[in-house]
Amino acid sequence: MERFHNVQLEIGEGVATLWLDRPERHHAIDRGMMDGLEAALDRLDQQTDCRVLILTATGEESFCAGGDLTYFASLKTETAVRSMCHRMIGLLTRLSNERRVVVAAVNGQALGGGCEMLAYAHLRVASRRARFAFRQAVNGIVT
């Protein structure tokens, strides 16, 4: 098991599992988690024998609450917001274009950007605890 910032990666026989690991914030995405996702995907790029990537989260309450609103509030300029958006779009595009099959294993609530992340996976599997909601409009955010 390899640990990155708010992300864990385990590479096994042909299958890699990437866990979002920020349960205290329902795995909400901030700068640190984007750093961790990029590092884990970079590490995974070194593996040629891995054919499947399972994307999930630690714990059972949440898969991903989307973007961290506290982090969003810290972005004070249009340039900062655009930079963050382009970075996240790059990560999602990277998942979508992944040469491996990306399976999202939804083990809890997926809110806002968490649902958007699911759209970039090739397959999605949900537990009985999974709940889905787009909450951006309530928070004044465009999807």
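**The core and what surrounds it**

Reply: Happy to! The largest nonpolar core counts 34 residues, and Leu18, Leu20, Leu53, Phe63 and Met117 have the most contacts inside it. At least two residues of this core come from each of strand E2 (7–11), E3, H1, strand E4 (52–57), strand E5 (62–64), helix H3 (78–96), strand E6 (101–106) and helix H4 (113–120). H1 gives the most, with six residues. A nonpolar core here is a set of buried Ala, Val, Leu, Ile, Met, Phe, Trp, Tyr and Cys residues joined through side-chain atoms within 4.5 Å. Buried means under 20% relative accessible area, exposed over 50%, and partly exposed in between (1.4 Å probe, protein chains only). Helices (H or I, at least four residues) and strands (E, at least two) are DSSP runs, numbered from the N terminus.

Please keep in mind that this is a predicted model: local features need pLDDT of at least 70, side-chain atom pairs count only at pLDDT 80 or more, and totals for chains, interfaces and linings use all residues. Residues are numbered from 1 along each chain as its sequence is written, and side-chain values use heavy atoms, with hydrogens and water left out.

Let's zoom in on Leu20. Leaving aside residues up to four places away in sequence, its contacts (heavy atoms within 4.5 Å) include His27, Met33, Leu37, Leu55, Phe63 and Met117. His27 itself sits in the loop between strand E3 (15–20) and helix H1 (31–45). His27 is buried, at a relative accessible area of 1%. Among the residues it touches, beyond four places in sequence, are Leu20, Arg22, Met33, Ala57, Phe63 and Gly66.

H3 has 19 residues and reaches 27 Å from its first C-alpha to its last, close to the 27 Å expected at 1.5 Å a residue; the expected span is 1.5 Å times one less than the number of residues. Its buried residues are Met84, Met88, Leu91, Leu92 and Leu95. They cover an arc of only 95° around the axis, so they lie on the same side of H3; the arc is that of the directions from the helix axis to the C-beta atoms. These buried residues pack against H1, E4, H2, E6 and H4. Glu78, Thr79 and His86, on the other side of H3, are exposed. As background, nonpolar side chains in soluble globular proteins tend to be buried together.

Now for the charged pairs. The structure holds 10 salt bridges, each a side-chain nitrogen of Lys or Arg within 4 Å of a carboxyl oxygen of Asp or Glu. One of them joins Asp35 to Arg87, with the closest N and O atoms 2.3 Å apart. Because Asp35 lies in helix H1 and Arg87 in helix H3, the pair ties together parts 52 residues apart in sequence. Asp35 is partly exposed at 37%, and Arg87 is partly exposed at 22%.

Asp42 and Arg94 meet in a salt bridge too (2.7 Å, N to O). This pair also links H1 with H3, across 52 residues in sequence. Both are partly exposed: Asp42 at 41% relative accessibility and Arg94 at 24%. Elsewhere, salt bridges that share partners join Arg22, Arg25, Asp30 and Asp68 into one network.
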